[in-house]
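Here's a quick tour for anyone meeting this structure for the first time. Have a look at the sequence and the model, then read on.

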Amino acid sequence: MIIYGLKNCDTCRKAVKALPGAQLVDVRAEGVPDDVMQRAFAQFSAALLNTRSTTWRGLDAGERDADPLVLIAQHPALMKRPLIDDGGALHLGWTKQVQDALGV
């Protein structure tokens, strides 16, 4: 199981703690593989963007209209976190629904 997120994100830390053996990939340092991002965007579309982040609020209107995958590539903190790859099944966020699906 791979958790894509930020090492200093409280929500990502909760997910790592609750999922022993899961590997945290810091998206700022390592990024997310293109194939995983394509699958995530196909599954979650606009929900993949964290529009409540300070990074999002710092963008001007023109930048916000860019392709979401390009925005996330340029600003990794814009990705909603965590993105969890559980053997090919993708989960976004750390909601009760995601925790139940992962058996936490």
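**Getting started**

C9 is buried, as its relative accessible area is 10% (buried means under 20% relative accessible area, exposed over 50%, and partly exposed in between, using a 1.4 Å probe and protein chains only). You'll find C9 in the loop between β1 and α1 (10–18); helices (H or I, at least four residues) and strands (E, at least two) are DSSP runs, numbered from the N terminus. This is a predicted model, where local features need pLDDT of at least 70, side-chain atom pairs count only at pLDDT 80 or more, and totals for chains, interfaces and linings use all residues. Residues are numbered from 1 along each chain as its sequence is written, and side-chain values use heavy atoms, leaving out hydrogens and water.

**Helix α2 and its two sides**

- Which residues of helix α2 (residues 34–44) are buried? They are V36, M37, A40 and F44.
- These residues sit on the same side of α2, because they cover an arc of only 95° around the axis (the arc is that of the directions from the helix axis to the C-beta atoms).
- An α-helix has 3.6 residues a turn, so residues three or four places apart point the same way.
- Just after α2 comes S45, with a positive phi of about 45°.
- M37 and C9 are 28 residues apart along the chain, and their C-alpha atoms are separated by 19 Å.

**The nonpolar cores**

- The largest nonpolar core has 24 residues, and Y4, L48, M79 and L83 touch the most other members (such a core is a set of buried Ala, Val, Leu, Ile, Met, Phe, Trp, Tyr and Cys residues joined through side-chain atoms within 4.5 Å).
- α2, α5 and β4 are the elements that give two or more residues to this core, and α2 gives the most, with 4 residues.
- Another core, of 8 residues, lies apart from it, and I3, A22, W94 and V98 are among its members.
- Leaving aside neighbours within four places in sequence, L83 is in contact (heavy atoms within 4.5 Å) with I2, I3, Y4, V36, A40, F44, L90, H91 and L92.

**A serine in a loop**

- S53 is found in the loop between α2 and α3 (54–57).
- Is S53 buried or exposed? S53 counts as buried, because its relative accessibility is 11%.
- Beyond its neighbours within four places in sequence, S53 is in contact with A77 and L78.
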